[in-house]
Amino acid sequence: MRELKNITDDIFYVGVSDRDCRLFEGQYSVHGMCYNSYVIMDEKTAVMDTVDAHFVGEWLENVAAALGGGQPDYLIVQHMEPDHSAGIAELLHAYPDTTVVGNAKTFTMMEQFFGGEVAPRRLVVKDGETLTLGRHTLTFVFAPMVHWPEVMVTYDACDKALFSADGFGRFGTYTHEGDWAEEARRYYIGIVGKYGAQVQSLLKKASALDIKMILPLHGNPLTENLGYYIHLYDLWSSYTPEEPGVAVVYASVYGNTREAAETLAAELSARGVTVALHDLSVCDMAAAVTDAFRFDRLVLATPTYNAGVFPFMRTFIDALLERSYRARRVALIENGSWAPTACRVMRGMLEGAKDITYAENQLTIRSAVTEENRETIRRMADELAAPLAAE
């Protein structure tokens, strides 16, 4: 018999880990992923979500072990993204008397993904409605656009557990022991970051609940120091810088723009400023985007390329705008041997971002870095370091 992972006396973990996954959603570099599912055992039993299609067989074995020969009364679908919903039909084939619980948009998407009436026995719930299993009363809290329109989270009043869908998730396997914030920050900003206002709305609803644990669909259960995790989500979703520092993000063809970026990073570090340096040609783009949100200042350095900016820099700025980048100080560095236009182009692109202030010192390099350029870099470093000095 499979060893069951108890979250509480009544809540069992039945999810799976993909230890071989190296690229999540076709773009995020990871060292494994987990797809979480839970079973609540009571007078009536409820399965919370399913898993990715590649692991449905393993998941069904976990569910059967938790049920101990019994039948699930309910399958609660909080999120219809395929990595959490791929096992719906298989569960209903194994347990045809199961009632599927979701909202109206859940069932619309279910039919779009699987065709026809996948769930003949269904319970359509509204925001704030409850379902009693026995001792456990579940309250469904709608969370539209966190990060799909059908998303809802579920609060269990008995164990004071919030089943948070993709909220509070992170990259990595279920047993990943690295720093939670490192992978959760990259996950949040990459996948959910555009929808800060909707996350703020959900946090407001959650603040009225007595939550003792958070059970996400990715990553490990959060059972201690919940204030820490909620505080970070509040910062991230309000686009507030998490800490003072400078993300220096650059692209370079022949090394001259790289030299300017590295020189500035060294000057900032010498002034006691925390610096994250990213070469867009070789770095993890998602990590660079994350640091742009993490810190309160950003430096963009790129050669002029086809009268614009280097392609990786354009992709990077587009990624910032897609995630509602705002409220930061930005410094610009351009390189151009005959017609430098990159600073103007970058400022034009960033017109789509709110509350951006620009450093007075802007650097234009004409091919190679000169001593005059180095003096401008020193002045730029002084200017960018000034907020830390003021604190």
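**Ground rules.** I'm working with a predicted model, where local features need pLDDT of at least 70, side-chain atom pairs count only at pLDDT 80 or more, and totals for chains, interfaces and linings use all residues. Residues are numbered from 1 along each chain as its sequence is written, and side-chain values use heavy atoms, with hydrogens and water left out.

**Rings.** I looked up the aromatic pairs and got 19. Rings of Phe, Tyr and Trp (its six-membered ring) pair if their centres lie within 6.5 Å; planes under 30 degrees apart are stacked, over 60 edge-to-face, and the rest tilted. I picked out Phe310 and Phe312, an edge-to-face pair at 5.9 Å centre to centre, with 65° between the planes.

Is Phe310 buried or exposed? Phe310 is buried, because its relative accessibility is 12%. Phe312 is partly exposed, at 35% relative accessible area. (Buried is under 20%, exposed over 50%, partly exposed in between, with a 1.4 Å probe and protein chains only.)

I also noted one aromatic cluster, formed by Phe168, Trp180, Tyr188, Tyr228, Tyr229, Tyr233 and Trp236.

**Charges over rings.** Here I needed NZ of Lys or CZ of Arg within 6 Å of the ring centre and within 35 degrees of the ring normal. Arg326 lies over the face of Tyr239, 4.2 Å from the ring centre. Arg347 has its charged end over the ring of Tyr358, 3.9 Å from the centre.

**Sheet.** I traced an open sheet of 5 strands, in the order E12-E13-E14-E15-E16, with mixed pairing. Its edge strands are E12 (130–132) and E16 (213–215), and each pairs on one side only. Strands (E, at least two residues) and helices (H or I, at least four) are DSSP runs numbered from the N terminus, and two strands pair if DSSP finds at least two bridges between them.

I zoomed in on E14 (residues 152–156) and E15 (residues 161–163), which pair in the antiparallel sense over 3 bridges. Asp156 stands opposite Ala161 in E15.

E19 gives the most, with 3 residues.
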